[in-house]
Each structure stands twice: as C-alpha cells, then as structure tokens.
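Please read it with the coordinates open.

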Amino acid sequence: MAVVTRFAPSPTGPLHLGHAYSALLAHDMARRHNGTFLLRVEDIDQQRSKPEWEAQLLDDLHWLGICWDAPPMRQSDRLRAYHAALDRLWQAGYLYPCTCTRRDIETALAAPQEGAPHHGPDGPVYPGTCRPQHAPQVPRPTDQHLRLNIANTHALLGEGLTFSETGPTHPASTITTAEDYTRRIGDVVLARKDFGTSYHLSVVVDDAAQGITHVSRGEDLFDATAIHILLQRLLGLPTPLYHHHRLIRDDQGKRLAKRDDARALSRYRAEGATPQDIRRMVGL
C-alpha cells in the first residue's frame with residue numbers, strides 16, 4: 001500500500017510542541033515508507049482563523065524540516081464538497097435540524113436516566129429533544145444545526161463498526177456497537193449554522209479527497225474515530241488506518257493548548273533552539 005499521511009492544523013494560534021510532535025510523526029511515517037505527506041489547513045472557523053497564524057505555521061513547519069508533496073488544502077475552499085455530503089445524508093434520512101442551545105441541552109441532561117453517560121466524544125450526549133419521528137421532507141435547511149440521527153443508522157451498523165489502530169495506548173482493532181453509538185456518542189452535530197459544516201464531517205470528506213491512508217493524530221481524538229468511521233460508511237468512503245499518539249504535556253501533566261505560548265515553536269526559535277532540539281524535547 002502506498003502510504004499517504006497528513007498534518008491538519010488550524011490557523012487560530014501558534015503551533016506548540018504538541019503540534020510539532022504530531023507533524024513530525026506523520027511526516028516521518030510518510031518518508032520512512034517512501035510515501036506522500038500532505039498539509040491541510042483547517043480554517044472553517046473563519047472568525048478565529050487568521051492569515052498571520054497560517055503564515056506562521058507554514059514558516060514553523062518549514063523550519064522544522066517538514067515539506068509537503070502538494071499545495072496545502074484549505075477547508076475554506078471546500079464548502080461545496082461538504083454541502084454535497086450533507087445533501088446526500090439529508091436525502092437518505094440521516095440528518096435532522098436542531099434549534100437547541102447549549103443551555104437547552106444542559107437543562108435536559110440535568111436529571112439523566114440512571115446509568116446514562118453525560119459526555120461523549122462530541123461533548124454532552126444529545127438527549128434527542130429535536131429528533132423527529134420521521135425523516136424531514138423539507139429541503140435541507142442552512143440556517144440551523146444539523147444532527148446525525150443515530151437511530152436511523154442502526155440497520156447499517158449491524159454487529160458494529162471496526163477500524164485498525166496502531167497507536168501505543170489502544171487495541172489494534174476497535175469495535176463500536178450500535179448500543180455504543182446510541183449511549184456514548186448520540187446525535188452529533190454535522191453542520192453548524194455558523195460554519196456550514198463541522199469538524200467531524202469535514203475531516204472525513206477531506207481525508208477521502210486527499211487519499212489519506214494513515215491518519216496520525218493525538219489520542220484525545222481516539223473516541224471521535226467512531227463518529228468518523230460511521231460517516232465513512234454512510235458516505236461510501238474508505239476507512240484509513242489510524243495511529244493515535246501520546247500527547248505532549250506540561251510539567252503538571254496538562255495537555256498543551258494554543259494559549260500556552262510558553263511552548264510555542266516561535267518562542268523556542270527566538271531563543272535559539274534548533275529543529276534537532278525540538279525533536280529531542282518531544283522524544284523523537
């Protein structure tokens with residue numbers, strides 16, 4: 001198999017050591033197998049995405065010695081592809097509009113059924129307030145959130161869905177059953193009214209468009225993989241191999257975030273660090 005990997009940062013702040021580790025792992029994997037490494041700029045959040053942050057992340061990656069084998073893909077150029085995927089899911093009866101606010105959901109979950117989980121990989125497990133009894137027949141709305149109707153996917157789920165995992169923490173093959181989807185994941189949002197899409201939908205559509213064969217990303221996204229493999233099945237897209245790597249943490253064990261400027265690559269560069277120093281700091 002020809003190996004195709006990718007790094008997909010959001011231009012909403014500086015790259016830090018955790019980003020460097022993820023990018024280097026994906027880049028090194030492709031080069032080790034004489035494969036292809038691609039870059040994708042996940043800028044669907046146009047309010048937070050800034051051209052200066054994109055310019056900085058491209059410069060930081062070049063400084064690390066990372067090069068990509070095709071021009072970067074930008075999600076802001078891909079809305080037509082996301083809308084086509086949403087149309088397909090809507091026409092198949094897998095989506096419904098939702099007008100609930102976060103407060104509405106919190107209120108509905110204030111007294112959950114005994115044993116029901118509060119949170120899944122996409123936040124609070126949606127209680128189904130707006131879920132219709134029958135598939136909506138009106139044209140797909142563009143001014144509301146759209147949720148995936150998990151109950152309508154059960155016939156397709158069968159014995160469950162599986163994917164292959166090569167990361168250090170999780171089993172080599174992971175199965176998610178229909179009950180898992182209902183109880184632990186719920187009706188996730190696939191289109192936000194302000195974005196026109198969601199992370200889950202766009203990442204699945206874009207991985208297929210770029211021909212990604214191996215997805216390398218942080219272990220904090222492991223649980224979300226169940227959402228992604230279901231969307232791949234619903235849209236007739238291939239499922240790549242997954243590698244969920246360890247997270248780079250600070251001295252207190254907290255996962256790094258973009259607001260943690262002390263770990264920003266630009267700061268290390270300004271202080272005279274070399275790309276080899278960065279590799280050493282992240283354990284490569």
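Buried means under 20% relative accessible area, exposed means over 50%, and partly exposed lies in between (1.4 Å probe, protein chains only). The model is predicted: local features need pLDDT of at least 70, side-chain atom pairs count only at pLDDT 80 or more, and totals for chains, interfaces and linings use all residues. Residues are numbered from 1 along each chain as its sequence is written, and side-chain values use heavy atoms, with hydrogens and water left out.

**Cysteines**

The whole structure holds zero disulfides. A disulfide is a pair of cysteine sulfur atoms within 2.5 Å. For C100, the closest cysteine sulfur is in C130, at 3.6 Å, which is too far for a bond.

| Cysteine | Relative accessible area | Class |
|---|---|---|
| C67 | 39% | partly exposed |
| C100 | 11% | buried |

**Helix α7**

Helices (H or I, at least four residues) and strands (E, at least two) are DSSP runs, numbered from the N terminus. Helix α7 spans residues 199–209. Eight of its 11 residues are buried, so the rest of the structure largely encloses α7. Among the buried residues are H200, L201, D206 and D207. Just after α7, G211 has a positive phi of about 70°.

**Strands β11 and β12**

Strand β12 (residues 241–245) has four of its five residues buried, so it too is largely enclosed by the rest of the structure. Strands pair if DSSP finds at least two bridges between them. Five bridges join β12 to β11 (residues 214–218), and the two run parallel. V215 stands opposite Y242 in β12.
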